[in-house]
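User: Please take me through this model in questions and answers, giving the cut-offs behind each term as it comes up.

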Amino acid sequence: MIKFENVTKIFPGDFIALEDIDLFIDKGEFISIVGQSGAGKSTLLKLIYAEEQPTTGKVYFEERPLDGIKRRHLPYYRRNIGTVFQDFKLLPQRTIFENVAYALEVAGETNAEISEKVPKILDIVGLGDKMEKFPKQLSGGEQQRVSLARALIHRPKVIIADEPTGNLDPISTWELIKLLLKINDFGTTILLATHNKNIVDRIGKRVVALDKGKVIRDHKKGKYVI
Amino acid sequence: MKLLKLWRTFKEGFKNFYRNGWLSVATAVILTLSLYIVGIFAIVGVASNVLLKNIQGVANISVYFNPEVSEAKIMEIKSNLESFREINSAEYVSKEQAMQELLSMEDIQDAISRAVEEVGNDALPASLIITAKQSDQYEIISQAIRGSYGGEIEKIEDNKKIIDEINGITKLSERAGLILGIIFLLIAVLITFNTIRITMYSHRQEFEIMRLVGASNLYVRMPFVFEGIFYGLFTAITATLFLFATVKFVFPVLIRESASQSAKVFFEQVNSFYFQYVWLVFGILLLFGMIMGVISGFIAIRRYLKV
């Protein structure tokens, strides 16, 4: 479903973020990407949602090379991918409902569709009763679940989670991971970048380890080893 | 669907506008002032142009004849003068007509009619009122008339002095207005641009989110364009109100206090001009404000959209 072909990414100042990456991600996989800070995890993920372009090599999404997508078509491409980040990236001036609804608004869905879909998805992440609250009024774990709800609302084929548990306590962390696993069960591909050894070991699925921009390990039922 | 998105971005822009609170108010005030000054100069400039055209129309010289010169002789001189290339028209005003005109001046009517009873009906001289084709030819014409008909003429009067004075004021105000107008216009554009940039700076994290959830660049951009339009709308209304107040309350004072006749005429002209075209002025300010908003919205956001 996602394929990296000899991908190298060099940032200005000759900083090599990724070197010669070949990676194949199948539909429905749950992949933990591990590695130290600066190992290239975020860059790898950014290449998938086309926030960055590879310096050399190609990235494919469902057989389609990403460098062939025109800039103005990028927003439509991104609706295939849901993203979750360490800092939640919620709009502070909007309620939880509005935050999730925003992803549908930009896609031009009608108000009727929005008011039907948003409560449903918020129920799934367990926040159906907090729709009218603002992000500030929620705990970190709850905010991250809002963020996940927003990522899910387009029914994306892939969820990209970049250090989603970095700001969460152990209980919230495990709740979020359980949600991700549940979503994965429904067939959505999940890419989780993390350096939380504990959760990677508990997930017990494919682990890709990065170090200094290179894939140093790729195990089907891996553990967190660097 | 397009309309739905447009409506959403419109609402978004409106929210940005009022949620910014003091920033919006401060910007709107400065913008209003700029537009106001631009507006003042525009009105004065246009009005003085109109005024100048009118004045050039009413400029004339009056040639007063000695009482013993017969009407026939004056008519002969009239047709003679009319054949001059420089002269546009020559109008005969008989003694009776002159008296009639004097009597029709309302505010001094009583005094005059009493005076007329004393001196008789033909106390005023007959005259020819001559207009030239071009306003700078009056000097030559009056010299020529003096040369040819010196014997029959009592005196030649022209209103050129007032005309020259008004001419001067008009030219000066036009030039000053143009320069200051351009300067303030520039300031206004920069302020709008800057404010929208500041707003965008405070929204910069949101842009990232918007793009991540799949908002097209246009969708991200439209609220700011609308915000610019709101600034334009808001400031056009306030600036027009201020202009209205100025013309309504300040100009009458200026008219009353003006020392010279020509300044008085000038302010009166500006005043009546404004009230005649108040909607046009508003429309221009509105259009200008909105165009400015749209352009600055479009330019300022480029930085954040990675386009």
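**Chains, interface and cores**

Analyst: At 58% relative accessibility, Arg175(B) counts as exposed, where exposed means over 50% relative accessible area, buried under 20% and partly exposed in between (1.4 Å probe, protein chains only). This is a predicted model in which local features need pLDDT of at least 70 and side-chain atom pairs count only at pLDDT 80 or more, while totals for chains, interfaces and linings use all residues. Residues are numbered from 1 along each chain as its sequence is written, chains are lettered from A and ligands numbered from 1 in the order in which they are written, and side-chain values use heavy atoms, with hydrogens and water left out.

User: In which helix is Arg175(B) found?

Analyst: Helices (H or I, at least four residues) and strands (E, at least two) are DSSP runs, numbered from the N terminus. Arg175(B) itself belongs to residues 160-202 of chain B, which form helix H7.

User: How many helices and strands are there in chain B?

Analyst: Buried residues make up 44% of the 307 residues in chain B. Taking a contact as heavy atoms within 4.5 Å, residues 24 or more positions apart account for 85% of the contacts in chain B with a separation of 6 or more. The secondary structure of chain B consists of 11 helices and 4 strands.

User: What does the secondary structure of chain A come to?

Analyst: Of the 226 residues of chain A, 56% count as buried. Among contacts in chain A between residues at least 6 apart in sequence, those joining residues at least 24 apart make up 68%. The elements of chain A come to 7 helices and 10 strands.

User: About how much area do chain B and chain A bury between them?

Analyst: The size of an interface is often given as the accessible area lost when the parts come together; buried area here is that loss (1.4 Å probe), summed over both parts. In terms of contacts, 20 residues of chain B meet 29 residues of chain A. On the chain B side, Arg8(B), Leu212(B) and Val213(B) lose the most area to chain A, together 28% of what that side buries. With 50% of it on carbon and sulfur atoms, the area that the two chains bury between them is about 2200 Å².

User: Which residues have the most contacts inside the largest nonpolar core?

Analyst: A nonpolar core is a set of buried Ala, Val, Leu, Ile, Met, Phe, Trp, Tyr and Cys residues joined through side-chain atoms within 4.5 Å. Not counting residues up to four places away in sequence, Val118(A) touches Phe97(A), Val100(A), Ala101(A), Leu104(A) and Ile153(A). In the largest core, of 52 residues, those with the most contacts are Val100(A), Tyr102(A), Val118(A), Leu122(A), Leu148(A), Ile177(A) and Leu180(A).

User: Is Lys89(A) buried or exposed?

Analyst: Lys89(A) lies in the loop between strand S6 (81-85) and helix H3 (96-105) of chain A, and its phi is positive, near 55°, in a residue other than glycine. Lys89(A) forms a salt bridge with Asp87(A), the closest N and O atoms being 3.3 Å apart, and Asp87(A) counts as partly exposed at 39% relative accessibility. Because its relative accessible area is 8%, Lys89(A) is buried.

User: What is the N to O distance in the salt bridge of Glu51(A) and Arg78(A)?

Analyst: Both Glu51(A) and Arg78(A) are buried. Their side chains meet in a salt bridge with an N to O distance of 3.6 Å.

Technical notes: A salt bridge is a side-chain nitrogen of Lys or Arg within 4 Å of a carboxyl oxygen of Asp or Glu.
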